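Try each task on the structure before you read the solution.

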Amino acid sequence: MFNVLSVDDLSQDFLISLWDEAYDRKGKRNKKLNGKILTNLFYEPSTRTSSSFYSAMKLSGGDVIPINNVTFSSVSKGESLEDTVKTISQMCDLIVLRHNIAGSAKIASQVSGVPIINAGDGNSEHPTQTILDGYTIYHYFNKKIDNLNITLVGDLKNGRTVKSLVKLLTRFKNNKFNFVSPENLRFDGQLPPNSSEVSDINKVIEETDILYVTRVQKERGSKYNYELSIDQLDKIPKNSIVMHPFPRVTEIPSSFDKDPRAKYFDQIKFGVWCRQILLERILL
Ligand code: NCD
């Protein structure tokens, strides 16, 4: 069974062929998943990820059981994750799980009768966000993911999208990383070779190809507020891009959205394209 629990489950060849197919198909409708059912099982809030999977499944003709708020399910009666997953897996072909505890996607995969896609487990990983983040880079850098200078900003300790993205980008050649955060929110994953930790973004912004901005994960106990100014953002080079997994709070002023370097809404569209292909590859 093909589970997607971590970026480690996705080989380079698999990703590149998925990205190429997503680029060619661009979310075009088909009936390939007619008769297949996906369950969105979300123990944490979501706007983009749950609706992106919903949209992707529908685009290929499949159906969705949307459990977007487990407080309205038997979880509120005390049902365990294991029992919930065993139950749901009797009714569908695939479960997309978001949970507040790191490692829960793995636990779910051990009891599930159908594949599990990890849509974020605590502060650990969010591999399908990385599929779309990687696609965005692939799309805007002429199908190359190497020799890039990547600046990651914000809550690097609890942001799971950063952890998964760094795993992916270290696999490609000659990427250089700048980790920008306050002391208490430092990246606590494996630091790649060729990386530097800095507290002042102004020291690295002018050499940045990809500025990856993240929100502070208050729900995981992180404390910090920050706001990049238009003047700071404007210092990134002309052909660079600004990414953000969203939701954004104060990190990027909305007046930057019309700047051609702002790619965070494209990321959302690309997420649907990529997830559609991923679902087809798992379910067919
Ligand atoms: C992220 C997440 O849930 O980890 N959101 C998303 O899926 N795009 C980022 C976040 O919540 O900050």
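**Exercise 1.** Find which strands helix α6 lies across.

*Solution.* Start at helix α6, residues 160-169. Helices here are DSSP runs of H or I with at least four residues, strands are runs of E with at least two, and both are numbered from the N terminus. Next, look for contacts, meaning heavy atoms within 4.5 Å. Helix α6 lies across β5 (149-153), β6 (176-180) and β8. Finally, compare directions: α6 runs at about 165° to β5. Such angles run from 0 to 180 degrees between N-to-C directions, with axes as lines fitted to C-alpha atoms, for helices over the stretch in contact.

A word on the model: it is predicted, so local features need pLDDT of at least 70 and side-chain atom pairs count only at pLDDT 80 or more, while totals for chains, interfaces and linings use all residues. Residues are numbered from 1 along each chain as its sequence is written, and side-chain values use heavy atoms, leaving out hydrogens and water.

**Exercise 2.** Work out the strand order of the open sheet with five strands.

*Solution.* Two strands pair if DSSP finds at least two bridges between them. At the edges sit β7 (195-198) and β9 (241-243), each pairing on one side only. On average, neighbouring strands are turned by 15° against each other, direction ignored.

Now zoom in on one pair. Strand β8 (residues 210-213) joins β9 in the parallel sense over three bridges, and I210 stands opposite I241 in β9. Helix α5 (residues 127-140) packs on the sheet here, touching β8 and β9, and its direction makes about 170° with that of β9.

**Exercise 3.** Describe how the chain is divided into domains.

*Solution.* The bounds come from an automatic or database domain assignment. Domain 1 takes in 7-125 + 269-283, and domain 2 covers 128-267. Their centres, taken over C-alpha atoms, are 25 Å apart. The contact between them takes 33 residues from domain 1 and 29 residues from domain 2.

**Exercise 4.** Why does the radius of gyration of the chain agree with that of a compact globule?

*Solution.* The rule is 2.2 Å times the number of residues to the power 0.38, and the radius is taken over C-alpha atoms. For 284 residues a compact globule would have a value near 19 Å; the chain has 19 Å, so the two agree. As a last step, check burial: buried residues (under 20% relative accessible area, 1.4 Å probe, protein chains only) make up 56% of the 284 residues.

How values were computed:
Buried < 20%, exposed > 50% of the residue type's maximum accessible area, 1.4 Å probe, protein only.
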